[in-house]
Amino acid sequence: MQDLRINEQRLWDTLMEMGEIGGTEKGGCNRLAGTDLDKQSRDIFVAWCKACGCEISIDKIGNIFARRPGLNNDLPAVGTGSHLDTQPTGGKFDGVFGVLSGVEVLRTLHENNIETPTPMEFSVWTNEEGSRFQPAMQGSGTYVGRFDLETELNKTDVNGIRLGDELARIGYLGDMELGSRNMGAFFEAHIEQGPILEDEKKAIGIVRLGQGIRWYNIEVVGRPSHSGTTPMHLRKDAMLAAAAIVTEMKAIADRHENGLGTVGFMQVWPNSRNTIPGNVKFSADLRNPRPDVLLTMHEELLAFAEKIAEEHGLDVNIDPFWYFAPVEFNASDDVKAATEKLGYSHMDIYAGAGHDACYMADLVPTGMIFTPCLNGISHNEAEYSSPEECAAGANVLLHTMLEASERIAKQHQA
């Protein structure tokens, strides 16, 4: 087992093949949850896993689980997985690398006829990105019980189309109960999505913490009127108030160590050049690895919005619809042991983005493996991780899962 390695070229070819599904002119991917392209990516994942003898199960929120039997199938499985959906201008690696490094682990075990002490499970989680349906990590969050199933299936996109209807249409609305997989550990490989590993010249990031996130839908309700005939002091300009809140998002982030604030989505009504905006809807995203600091940032946003509403004589409605608490990954030592056994350079790191593994940490010991990405770029068509970097992450995943399987078997023997 010490000398066992994944097939670097095969992993790369698989990444490139998946990248053709929803591929963009600039070399990225646009593959949103519940679309026909999502179906194509799921179908090929299922085919690859079946070719290695896996049994496929799909749960009620569309999560896919491919199970490879072990020596003792009554023992809890060791799981891995990530997501196949992307941002509208996403890359070939975010999420997809985690799924396909799992496929490469599966193929490596299969071709070498290796029987693991416990079963192995390879998963695809529904709508991790939160691009078409909100919130992010929807499939894994529903699986662990953070979200209500019916509420999430009834979520709609900007065109009013239900997630549940789309999953049924593409053939991935399953009947397996949520949270019913018997897992003893879960690991997710992922590109870092930041520049730290590259800057520090480290091959592997051992993720110890997951950053806390608060997401908001904000609506500013003013009054539309003529831009040429309405004096400034008589206006109820929804865009002006929204702009003040957007600016304050940066100020809130700057006031707190490791604070982050982002507005990435906006709708303006009536969206006419010579009409004062009467309604503006936009997203807000606050992040911090410390729960007490993130709470303070949240309270500052609410207080500022109330102040702006009063000053501008309009309404500001805030829906704080998603809170993701900071996470501690308590199977990180398994990742570290595998990394050191393989001789890769490494460092401890925290996850600045949300990941499906963050929710799985609610149920089982969980760890994450980060690999570098060029210039730290992600959620961008220019996203890139080299074949060698991907191979290193997949090799660490392989040996992490093998070590965890041995450990679980020994624990149950004792």
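**Charges and domains in a predicted model**

A search of the whole structure finds 24 salt bridges. Here, a salt bridge is a side-chain nitrogen of Lys or Arg within 4 Å of a carboxyl oxygen of Asp or Glu. This is a predicted model: local features need pLDDT of at least 70, side-chain atom pairs count only at pLDDT 80 or more, and totals for chains, interfaces and linings use all residues. Residues are numbered from 1 along each chain as its sequence is written, and side-chain values use heavy atoms, with hydrogens and water left out.

Some pairs, then. Arg162 bridges to Asp165, with the closest N and O atoms 2.6 Å apart. Asp348 meets Arg208 at 3.3 Å, N to O. Asp348 sits in strand S15 (residues 346-351) and Arg208 in strand S6 (residues 204-210), so this pair ties together parts 140 residues apart in sequence. Strands are DSSP runs of E, at least two residues; helices are runs of H or I, at least four; both are numbered from the N terminus. Glu300 and Arg255 form another salt bridge, 3.0 Å from N to O. Glu300 lies in helix H9 (residues 291-312) and Arg255 in helix H8 (residues 238-255), so that pair links parts 45 residues apart in sequence. There is also a network of salt bridges, joining Asp36, Arg132, Asp157, Glu166 and Arg169.

Arg68 is in strand S2 (residues 64-68). Arg68 is buried yet has no salt bridge. Buried means under 20% relative accessible area, exposed over 50%, partly exposed in between, with a 1.4 Å probe and protein chains only. The nearest side chain of opposite charge, Glu115, is 7.5 Å away. Lys and Arg count as positive, Asp and Glu as negative; His and the chain ends are not counted. What does the side chain of Arg68 reach at 2.8 Å? The backbone oxygen of Ile114.

Glu192 is in the loop between strand S5 (183-191) and helix H7 (196-200). Glu192 is also buried with no salt bridge, and Lys202, the nearest side chain of opposite charge, is 12 Å away. Beyond four places in sequence, the contacts of Glu192 (heavy atoms within 4.5 Å) include Phe370 and Cys373.

Last, the domains. Domain 1 is 8-211 + 326-413 and domain 2 is 213-324; the bounds come from an automatic or database domain assignment. Their centres, over C-alpha atoms, are 34 Å apart.

Definitions and conventions. A polar contact is a pair of N or O atoms within 3.5 Å; within protein, one must be able to donate a hydrogen and the other to accept it, and residues adjacent in sequence count only if both atoms are side-chain atoms.
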